[in-house]
Amino acid sequence: MRLSRMLLLLLGVLPFLACESSGGVGETCGEDGCDSGFSCRRDFPGTFCAQDCTAEGEGGGCPGDTLCTRQLDVLMCSRVCDSQADCREGYACNGVSNTDRKACQVKL
């Protein structure tokens, strides 16, 4: 009985832990910076955990649900979006060159 209560408590807490910012692509840089392999761009609105990529409009080495886009004259992975609601403040859901997809990019 005690074990089952602990298990239920753990299962109730896990979803909240999964929703916390992890410092992945396009997220703000936390106190500890970004996840391993990403750099913190403090020159972007609200900071931006960035990963370089090689080919605009393609995966180009980007993690899942991201796409290689040109932001401030630099190629980097950006979160794929369907609407403005999918992007953080200071970013716009714009079409990406050479594709029919959209990604969150710095508002200019």
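The paragraphs below lead through the disulfides, the nonpolar cores, the aromatic rings and the salt bridges of this structure.

This is a predicted model, in which local features need pLDDT of at least 70, side-chain atom pairs count only at pLDDT 80 or more, and totals for chains, interfaces and linings use all residues. Residues are numbered from 1 along each chain as its sequence is written, and side-chain values use heavy atoms, with hydrogens and water left out.

We begin with the cysteines. A search of the whole structure finds six disulfides, and when the bonded cysteines are counted along the chain, they follow the pattern 1-3, 2-4, 5-7, 6-8, 9-11, 10-12. One of the six joins Cys34 to Cys49, with the sulfur atoms 2.1 Å apart. Because Cys34 lies in the loop between helix 1 and strand 1 while Cys49 lies in strand 2, this bond ties together parts that are 15 residues apart in sequence; helices (H or I, at least four residues) and strands (E, at least two) are DSSP runs, numbered from the N terminus. Cys49 is buried, with a relative accessible area of 0%, where buried means under 20% relative accessible area, exposed over 50%, and partly exposed in between (1.4 Å probe, protein chains only).

Another disulfide joins Cys53 and Cys68, whose sulfur atoms are 2.0 Å apart. The pair links distant parts of the chain, since Cys53 is in the loop between strand 2 and strand 3 and Cys68 is in strand 3, and both cysteines are buried. The link of Cys53 and Cys68 is right-handed, with 80° about the S-S bond, whereas that of Cys62 and Cys77 is left-handed, with -90°.

Next come the cores, each being a set of buried Ala, Val, Leu, Ile, Met, Phe, Trp, Tyr and Cys residues joined through side-chain atoms within 4.5 Å. The largest nonpolar core has 10 residues in all, among them Phe44, Phe48, Ala50, Met76 and Tyr91, and strand 2, strand 4, strand 5 (91-95) and strand 6 (102-106) each supply at least two residues of this core. A second, separate core of six residues includes Val25, Cys53, Cys68 and Leu75.

Aromatic rings also meet here. Rings of Phe, Tyr and Trp (its six-membered ring) pair if their centres lie within 6.5 Å, and planes under 30 degrees apart count as stacked, over 60 as edge-to-face and the rest as tilted. The structure holds two aromatic pairs; Phe44 and Phe48 form a tilted one, 5.2 Å centre to centre with 40° between the planes, and together with Tyr91 they form one aromatic cluster.

Finally, we turn to charge. Side chains of opposite charge can pair when their charged atoms come close, and a salt bridge is defined as a side-chain nitrogen of Lys or Arg within 4 Å of a carboxyl oxygen of Asp or Glu. Of such bridges, the structure holds three. Arg79 pairs with Glu27, the closest N and O atoms being 2.8 Å apart, and this pair links distant parts of the chain, 52 residues apart, with Arg79 in strand 4 (residues 74-81). Arg79 is partly exposed at 33% relative accessible area, while Glu27 counts as buried at 14%. Arg41 forms a salt bridge with Asp43, and Glu56 forms one with Arg70, where the closest N and O atoms are 3.8 Å apart.

Conventions. Disulfide = S-S within 2.5 Å.
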